[in-house]
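Good morning, and thank you for joining this group meeting. Please look at the sequence and the structure as they are displayed.

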Amino acid sequence: MSGHRRLDWLGLTPEPERELPTAVAALRASLARPPTPWSGRPATPNPLEADERRRVERLVLRGSRHSWLRYLAEVTDLVTAVATGTRPGDRAAALLAAEVVLDHHRMLIGLPGAGYGRTAGDRTALEEAVRTLRTPTRTGDPR
């Protein structure tokens, strides 16, 4: 193994690092309690968000392209489960996370390696999730 670590994936866009921790923390929180409307930024410090920020920071500083894509696949699973209604979650948080990850995955086409091909299924799932999450739901609909 060479001593060189591929870092090109770090230069794609800062939005995942900036936007995902808050949105993903909101999605994870809905597993433990019913979802509450998400405003984008909590008024008080959120321990779930702090944990998510640390996780993203660890991935960026010490992870690899593969570990980062595994994390984004996990986010994709959270988002698509909310979009399909198979799990509770805040639709606004899910939509933001879906758009951020989808934009990231589309930019992979400009990088060497198999990242773009590897994320083809996730891109398709995220495109469908974005369409679904942008569609208003009926009042009383738990999604």
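Let me begin with a definition: helices (H or I, at least four residues) and strands (E, at least two) are DSSP runs, numbered from the N terminus. This is a predicted model, in which local features need pLDDT of at least 70 and side-chain atom pairs count only at pLDDT 80 or more, while totals for chains, interfaces and linings use all residues. Residues are numbered from 1 along each chain as its sequence is written, and side-chain values use heavy atoms, with hydrogens and water left out.

The protein chain has six helices and zero strands, and along the sequence its pattern reads α-α-α-α-α-α. Helix H3 covers residues 65–84 and includes threonine 76.

Is threonine 76 buried or exposed? Buried means under 20% relative accessible area, exposed over 50%, and partly exposed in between, with a 1.4 Å probe and protein chains only. Threonine 76 counts as buried because its relative accessibility is 2%. In the protein chain, 42% of the 143 residues count as buried.

Which residues does threonine 76 touch? A contact means heavy atoms within 4.5 Å. Leaving aside residues up to four places away in sequence, threonine 76 touches Val101, Asp122 and Leu126. Of the contacts in the protein chain between residues at least 6 apart in sequence, 73% join residues at least 24 apart.

Finally, I turn to a charge and a ring. A charge sits over a ring if NZ of Lys or CZ of Arg is within 6 Å of the ring centre and within 35 degrees of the ring normal. Arginine 123 lies over the face of tyrosine 116, at 3.6 Å from the ring centre.
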